[in-house]
Amino acid sequence: MKKPKVFVARILPEEGLNRVFEVCDAEVWQEDAPPPRDVLLEKVRGVDGLLSLLTDRIDGELLDAAGPNLKIVSNFAVGYDNIDVPAATERGVLVGNTPGVLTETTADLAFALLMAAARRLPEGMDFVRAGRWKTFQPTLLLGRDVYGASLGIVGMGQIGRALAKRAAGFDMKILYYDPFAPADSSLPAGAIRCATLDELLRRSDFVSLHVTLGPETRHLIDARALESMKPTAILINASRGPVVDPDALYEALQKGGIAGAALDVTEPEPLPAGHRLLTLRNCLVVPHIGSATYATRTRMAVMAAENLLAGVTGRVPPHPVNPEVLPRRR
Ligand code: DGY
């Protein structure tokens, strides 16, 4: 029997790729950089399934270029703002994602960013590397206390809640803003729900962003929002880069409007080496590594492969984003 034809847009941990190869006639993009748009349009022509990354834009043009065989786009990410889901749904194409498996790992990274920025770890390392550590200095690299400080979580979904659990261990006072979050038992005892984002920003020593990216959250943290924050506050972003206006952030950091920022995601992404945010000592940036542990990336690869294989063989994918397609799928 003919194997389903699929395109995999990057090399993934082998447990995931091996599953794909067992069932499919698969082509895997071998380079570190994403396939250029014109190449991707060509590669997807006639495929039954596409395993995409958050760096691949999946829109109506691409779905049409793939053609009528395409049954599923399986994204190697929990977020799927790179995919025009209504366009896929309209064409009867399933979309899959990888929820759950990266929650704790991403919360670990968000808390690591919080700690590193609060205690100025990258500056400390630069100082030592530069041979400037001559003696113990009472006023060297003074930072902010994490223990007992207030943490404002914007977006109290799975990752926001996992971060809150970590913060509770540091006796942090937890504030959150999320108009849609149910008040259930997974919220830490004593967490305070803020009625507005502005209230959360005014009251927090640390603000951590955990929203999905959409029209209502693009530049949610703009100049006005940054003005509401305490001048001693630190902003953490491990969600999506465009949630923060980078120009407004630069101004706020540069003028002392806020004390620091720690970013796993940026706008643009990747952030070019010459970007002005990188000239600021109070801005810590890492390259979108929230879910980057051996175990989690392997789980994501297996889950993305399972979604893909179910989609191309007519089974129900474990994690469909648009299950409404199932009754009328291709
Ligand atoms: C996601 O899954 O959405 C992360 O940003 C990458 O793991």
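How far does a polar side-chain atom of Ser291 lie from an oxygen atom of the ligand? In this predicted model, the distance between the polar side-chain atom of Ser291 and the ligand oxygen is 2.6 Å.

**Figure 1. Polar side chains at the ligand.** An N or O atom in the side chain of Arg240 is found 2.7 Å from an oxygen atom of the ligand. For His288, a polar side-chain atom likewise lies 2.7 Å from an oxygen atom of the ligand. The ligand taken alone exposes 230 Å², of which the protein buries 90%.

**Figure 2. The residues around the ligand.** The surroundings of the ligand consist of Leu54, Ala77, Val78, Gly79, Leu102, Arg240, His288, Ser291 and Met300. Sorted by class, this shell contains 5 nonpolar, 3 polar and 1 charged residues.

**Figure 3. The sheet of 5 strands.** The strands of this open sheet follow the order E2-E1-E3-E4-E5, and their pairing is parallel. Strand E2 (25-28) and strand E5 (94-96) each have a single partner strand, so one side of each has no neighbour in the sheet. From one strand to the next, the twist averages 15°.

**Figure 4. Strands E4 and E5, with two helices on the sheet.** Strand E4 (residues 72-75) pairs with E5 in the parallel sense through 3 bridges. Within this view, Ser74 stands opposite Gly96 in E5. Helix H11 (residues 294-312) packs on the sheet and touches E1, strand E3 (49-52), E4 and E5. The direction of H11 makes about 175° with that of E4. Helix H1 (residues 14-23) lies across strand E1 (5-8) and E2, and runs at about 140° to E2.

**Figure 5. The sheet of 7 strands.** This open sheet has the order E8-E7-E6-E9-E10-E11-E12, with parallel pairing. Its edges are strand E8 (192-193) and strand E12 (283-285); each has a single partner strand, so one side of each is left without a neighbour in the sheet.

**Figure 6. Strands E9 and E10, with two helices on the sheet.** Strand E9 (residues 206-209) and strand E10 (residues 234-237) are paired in the parallel sense over 4 bridges. The bridge partner of Phe206 is Ile234 in E10. Helix H10 (residues 246-255) packs on the sheet, where E10, strand E11 (260-263) and E12 are touched by the helix. The direction of H10 makes about 140° with that of E11. Helix H7 (residues 158-168) lies across strand E6 (150-154), strand E7 (173-177) and E9, running at about 175° to E6.

Key:
Residues numbered from 1 in each chain as written. Predicted model: local features only at pLDDT ≥ 70, side-chain atom pairs only at ≥ 80, totals over all residues. Heavy atoms only, no water. Near = heavy atom within 4 Å. Polar contact = N/O pair within 3.5 Å; in protein donor to acceptor, adjacent residues only side chain to side chain. Areas by Shrake-Rupley, 256 points an atom, 1.4 Å probe, with all protein chains shown as cover. Nonpolar A, V, L, I, M, F, W, Y, C, P; charged D, E, K, R; others polar. Pairing = 2+ DSSP bridges. Axes fitted to C-alpha atoms, helices over the stretch in contact; angles between N-to-C directions. Contact = heavy atoms within 4.5 Å.
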